[in-house]
Amino acid sequence: MNNDSIIVSSLSKRFSFPVKNQSAGWVKNLFVPEIKEIKAVDNISFSVKSGERVAFIGPNGAGKSTTIKMLTGILFPTAGSISVLGLDPAKDRKKLAYKIGTVFGQRSQLLPNLPLTDSLEFFGVMYDLSDKQIKIRIAELVELFNLGSFINQPVRKLSLGQRMRAEVASSLIHKPEIIFLDEPTIGLDVVAKKSLRDLLLKINNEEGTTIFLTSHDVGDIESLCSRTIVINHGTLVKDLPTQELARSFIREKYVDVTPEKTFDSFPELPSGLRYAVKEKNKITVVVDIEKITTQEALRKLLNVFEVDDIDVYNTSLEAVIRNMYESNPPRS
Amino acid sequence: MKAIRLAHKILRTLVRDRMYYPGRLLIDTFSIVARCGVLLVLYWYVFRLNNGIINNTTFIVAAWSMFFYFAFSVFRLRDISRAIMQDVQSGNIEVLFSKPISYLSYRMWWQVGEGLYPFLVISFFGAIILASIVGIPATMSTYVFIPTLVLVFLFGAILSLALYATVGLLAFWIEDVSPLFWIVDKAVMILGGSYLPVALFPNFMYKIALYSPFGASQFITHTVYGAWAIEWPVKIGIQIFWTFVFVIVVSILFAKARKKVSVNGG
């Protein structure tokens with residue numbers, strides 16, 4: 001049995017818009033403007049299984065939000081096909097909306113002046129739930145998301161963390177099978193981020209909701225998603241389990257060296273090694289493991305410095321992702 | 001059924017929202033009293049200079065015509081243009097497109113909901129105050145008045161929403177529709193009788209007010225004129241025609257706009 005929630009095949013999206021031709025007159029610019037075309041998404045394919053937690057990441061302008069908007073039926077693809085829960089989002093937008101939830105971190109869907117409970121009731125009616133169903137679901141969400149302390153407060157008086165919890169709760173009012181989250185933790189402090197991630201994991205475990213999220217926050221990816229799809233310049237760069245992401249992209253290791261006394265000079269390092277930090281009490285050396293093995297690097301460092309302590313560690317996932325983005329320069 | 005339930009929910013929610021903030025009602029009331037009141041005083045003076053009748057129209061008729069214009073304007077149906085434009089410019093349209101609703105009808109009900117409470121309150125108390133100060137014109141006591149008033153109000157509201165939604169939807173192509181909105185809005189104000197009751201228009205201007213969609217959207221101001229009892233079928237017919245035209249235009253435009261959506265974000 002095929003349990004894919006999302007199937008994307010050869011998906012592309014091009015945007016075209018008029019640009020001002022400086023050498024042409026205003027009449028020509030008005031009536032026959034020069035048209036510039038941008039390939040926001042270029043022939044990508046992937047699928048997502050029911051209940052999966054997928055991070056869809058990429059630098060700004062990579063095409064991730066455009067993809068999410070095509071998956072939810074907001075944007076029409078230029079080419080390729082999408083099937084979300086067996087529906088074509090472009091043709092069955094309304095039907096699909098009953099089965100999915102969306103959270104756009106930078107936009108609010110709640111009614112700002114009214115208490116949160118009014119927004120939840122409002123969305124319940126929008127999703128055609130009966131009054132009884134709405135009441136039961138609100139009670140469930142209040143408990144699950146711990147909304148009780150501010151459910152009767154006007155939305156505009158909520159803190160950002162409270163509001164984001166409310167946003168996610170309201171997008172779950174109709175028990176969607178998939179929730180699409182576009183940068184849900186943007187602007188949140190560490191406590192609010194953790195609380196939101198825990199809640200998303202909870203709904204994934206308890207309600208089996210598929211999670212598809214875009215984020216620039218490595219914490220979201222590491223703690224929430226079992227799989228990561230990387231997109232850059234509209235094309236799919238990698239699609240692999242999140243745990244393997246760091247492992248397969250590690251090109252560097254870091255070595256912290258603490259001196260026996262202090263470092264008075266910083267001699268030139270052999271090929272494959274470079275300084276990341278140069279301080280009297282500590283140096284950090286970056287080891288290019290494509291040029292030199294860790295063992296060889298340590299041996300060479302011990303020859304150069306009188307060492308009290310040494311610590312070897314991998315580059316962070318954030319650095320891995322940054323390297324991945326940087327190694328995919330824009331196509332000409 | 002779902003559409004009716006949602007429309008009812010929108011209206012209830014927004015009326016409650018407006019009732020939470022009575023200050024906004026006071027501002028709306030003050031704005032109407034200031035604009036309509038000043039004009040009524042000026043007209044009262046001008047009519048007095050002309051022995052109480054201009055172009056076969058009495059001051060009572062002119063005052064009620066103007067009151068109907070301002071009461072209708074409290075509904076703020078015109079603001080649907082700005083609401084659509086802001087949805088497009090801010091990218092907020094993606095939130096509404098991700099819901100199981102028809103964007104246009106949702107926006108239209110929303111606009112009605114925004115203006116319903118001030119409209120009901122201001123119209124009710126305004127009508128009582130105006131009736132006690134200037135009296136009631138003869139046409140308002142005819143048997144056709146109430147049913148035709150309701151009809152002309154309904155078609156006027158639908159036409160206004162469709163007309164201004166058309167302007168708003170152009171934001172998908174030209175982003176800032178403010179200049180276009182200004183032109184359309186001024187056409188509606190002038191041809192609807194905001195500055196000068198339509199009964200006092202020169203003949204060619206009256207014809208434009210009669211046959212253009214801008215004037216037709218404000219036919220509620222014609223209901224107090226003496227000829228209304230005879231002319232109402234023609235005027236409601238014109239309103240239905242323009243309503244039909246603009247509902248089609250707005251539907252086609254929206255279908256095209258849906259394919260043109262581009263929202264911020266990479």
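**Exercise 1.** Among contacts in chain B between residues at least 6 apart in sequence, what percentage join residues at least 24 apart?

*Solution.* Start with the ground rules. This is a predicted model, where local features need pLDDT of at least 70, side-chain atom pairs count only at pLDDT 80 or more, and totals for chains, interfaces and linings use all residues. Residues are numbered from 1 along each chain as its sequence is written, while chains are lettered from A and ligands numbered from 1 in the order in which they are written. Next, the term: two residues are in contact if their C-beta atoms, placed from the backbone, lie within 7 Å. The value for chain B is 82%.

**Exercise 2.** Compare the radius of gyration of chain B with the globule rule.

*Solution.* Take the radius over C-alpha atoms; the rule is 2.2 Å times the number of residues to the power 0.38. For 266 residues, a compact globule would have a radius near 18 Å. Chain B has 19 Å, which agrees. Then look at the spans: along its principal axes, the C-alpha trace of chain B covers about 70 × 40 × 35 Å.

**Exercise 3.** Describe where chain A touches chain B.

*Solution.* Count first: 29 residues of chain A contact 22 residues of chain B. Now find the elements of chain A that give two or more residues to this side: helix H2 (64-71), helix H3 (93-97), strand S5 (100-104) and helix H4 (116-126). Helices (H or I, at least four residues) and strands (E, at least two) are DSSP runs, numbered from the N terminus.

**Exercise 4.** State the element counts of chain B.

*Solution.* Chain B holds 12 helices and two strands. From the N terminus, the order is α-α-β-β-α-α-α-α-α-α-α-α-α-α.
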